[in-house]
Amino acid sequence: LLQDDNNTVVSSIPVTTMQFASQQIQLDALGRVEYDTRFMKTISARVSGRIENLYIKYRYQPIHAGDKVMDIYSPELLTAQQNLLFLVKNDPSNTSLIDVAKQKLLLLGMNEKQLQNVVATHKAIFSVTVYSNYTGHVHEAGNMNSSQTIPMNKSDELSTKEGMYVEKGQPVFQVNNMDNVWVSVNFFPGENSLIKVGSPVIIVPETAPDKKIISKIGFIEPFYKDGSKTVSARVYLNNSKRMIPVGSQVKATLNFETKVSNWLPKESVLSLGLNKIVFLKKGDIFKAHSITTGISAKNLIQVIDGLNAKDSVAENAQFLIDSEGFINIKQ
């Protein structure tokens with residue numbers, strides 16, 4: 001009766017002790033399908049000039065390797081062609097200079113077929129066609145991120161127009177291939193210790209719930225995103241069959257077996273913000289006692305520090321705090 005009623009309880013509630021064992025843990029998390037930015041390609045202007053014709057008309061337009069992108073007029077490219085034609089006409093035996101002139105045109109963006117046509121016709125091409133080397137969806141350079149999805153209105157026009165000027169080295173378009181995507185899966189901070197690169201994971205797409213994809217964790221982001229308190233892990237997937245649309249949701253499941261450690265029922269542990277307590281039995285009374293906990297598994301919680309194997313604690317800590325209304329522990 002002389003004990004402080006802020007941290008001591010007299011009760012006949014049942015008690016329990018820690019279990020020393022390993023546990024099977026299943027983590028279920030939600031994820032989102034995003035573009036794999038490792039496979040994003042950029043179409044840049046190799047010369048300064050004016051766009052005479054533009055063959056890409058709207059955002060997210062599909063394009064294939066070898067398709068026309070634009071016709072560009074460039075004084076630098078025109079001068080380089082004229083230099084080559086001058087050498088071919090006036091000094092045809094000087095193969096070394098002719099080869100250098102040809103190589104310069106190739107570096108400025110002309111292809112072999114265009115170059116051969118210039119030499120064969122002895123006429124410079126005023127507007128040189130730029131072709132795509134990549135296959136995928138077209139986006140404006142610098143206007144795309146990994147989680148951006150394809151809108152319903154596919155006629156959304158590009159800000160790049162015919163008649164505009166581009167600078168040498170300027171990124172004009174970005175091409176993203178849908179054959180490769182990643183799933184960004186979010187986990188709570190308490191689950192960090194379980195998630196490792198290479199951990200097996202089962203992905204169930206919302207668009208095909210009857211099809212499970214077995215993969216593994218490929219990367220764990222070392223930071224928290226703005227406004228989020230979860231850790232994101234990436235699962236890289238092959239999407240050549242277009243089974244998983246970008247922007248769709250998935251369910252991810254990971255199964256683990258923990259190391260042998262101490263466990264208590266979750267009902268025995270009470271959370272007081274940053275502190276976790278149990279009611280440790282000492283004689284005929286229960287005393288609030290601070291412990292350090294780890295991960296949760298089913299209805300159990302891991303005890304890292306604060307208890308001995310023979311210590312008895314109340315089975316239901318919530319029942320006692322409901323009776324007392326306030327708990328005060330000594331740090």
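H139 sits in strand β10 (residues 136-140) and stands opposite Q174 of β12. That pairing comes from a predicted model, so please read every value below as computed from predicted coordinates.

**The four-stranded sheet**

- Strand β10 runs antiparallel to strand β12 (residues 171-176), and four bridges connect the two.
- Both strands belong to an open sheet of four strands, ordered β5-β12-β10-β7, with antiparallel pairing.
- At its edges are β5 (40-44) and β7 (62-63), each of which pairs on one side only.

**The seven-stranded sheet**

- A second open sheet has seven strands in the order β15-β14-β18-β4-β13-β17-β16, and its pairing is antiparallel too.
- Its edge strands are β15 (213-216) and β16 (219-220); each has a single partner strand, so one side of each is left without a neighbour in the sheet.
- The partner of β16 is strand β17 (residues 231-238), and this antiparallel pair is held over two bridges.
- Within that pair, I220 stands opposite A233 of β17.

- Strand β20 (residues 270-272) and strand β21 (residues 275-282) run antiparallel and are joined by three bridges.
- L270 has I277 of β21 as its bridge partner.
- The hairpin of β20 and β21 has two residues between the strands, and in its turn G273 shows a positive phi of about 75 degrees.
- β21 also pairs with strand β22 (residues 285-297), again antiparallel, this time over seven bridges.
- Here K281 finds its bridge partner in F286 of β22.
- The hairpin of β21 and β22 likewise has two residues between its strands, and G283 takes a positive phi near 70 degrees.

**Helix α3 and its two sides**

- Which residues of helix α3 (residues 112-121) are buried? They are Q114, L115 and V118.
- Looking down the axis of α3, these buried residues fall within an arc of 100 degrees, so they line one face of the helix.
- K113, Q116 and A120 lie on the other side of α3, where they are exposed.
- The cover over the buried residues of α3 includes α1 (75-90), α2 (95-107) and β9 (127-131).
- After α3 comes H122, which has a positive phi near 60 degrees.

- Beyond its neighbours within four places in sequence, T160 is in contact with I51, L54, E140, V172 and F173.
- K161 lies in that loop as well, between β10 and β11 (165-166).
- With a relative accessibility of 36%, K161 counts as partly exposed, because that value lies between the 20% and 50% limits.
- Setting aside neighbours within four places in sequence, K161 is in contact with I51 and L54.
- K161 and I51 are 110 residues apart along the chain, and 7.6 Å separates their C-alpha atoms.
- The side chain of K161 also reaches the backbone oxygen of L158, at 3.0 Å.

**The chain as a whole**

- Of the 331 residues in the chain, 41% are buried.
- Taking contacts between residues at least 6 apart in sequence, 77% join residues at least 24 apart.
- The contact of K161 with I51 bridges a separation of 110 residues along the chain.
- The accessible surface of the chain is about 18,700 Å², and carbon and sulfur atoms account for 52% of that surface.

How values were computed:
Residues are numbered from 1 along each chain as its sequence is written. This is a predicted model: local features need pLDDT of at least 70, side-chain atom pairs count only at pLDDT 80 or more; totals for chains, interfaces and linings use all residues. Side-chain values use heavy atoms; hydrogens and water are left out. Two strands pair if DSSP finds at least two bridges between them. Buried means under 20% relative accessible area, exposed over 50%, partly exposed in between (1.4 Å probe, protein chains only). Contact means heavy atoms within 4.5 Å. Accessible areas come from the Shrake-Rupley method with a 1.4 Å probe; for residues, only the protein chains shown count as cover. The arc is that of the directions from the helix axis to the C-beta atoms. A polar contact is a pair of N or O atoms within 3.5 Å; within protein, one must be able to donate a hydrogen and the other to accept it, and residues adjacent in sequence count only if both atoms are side-chain atoms.
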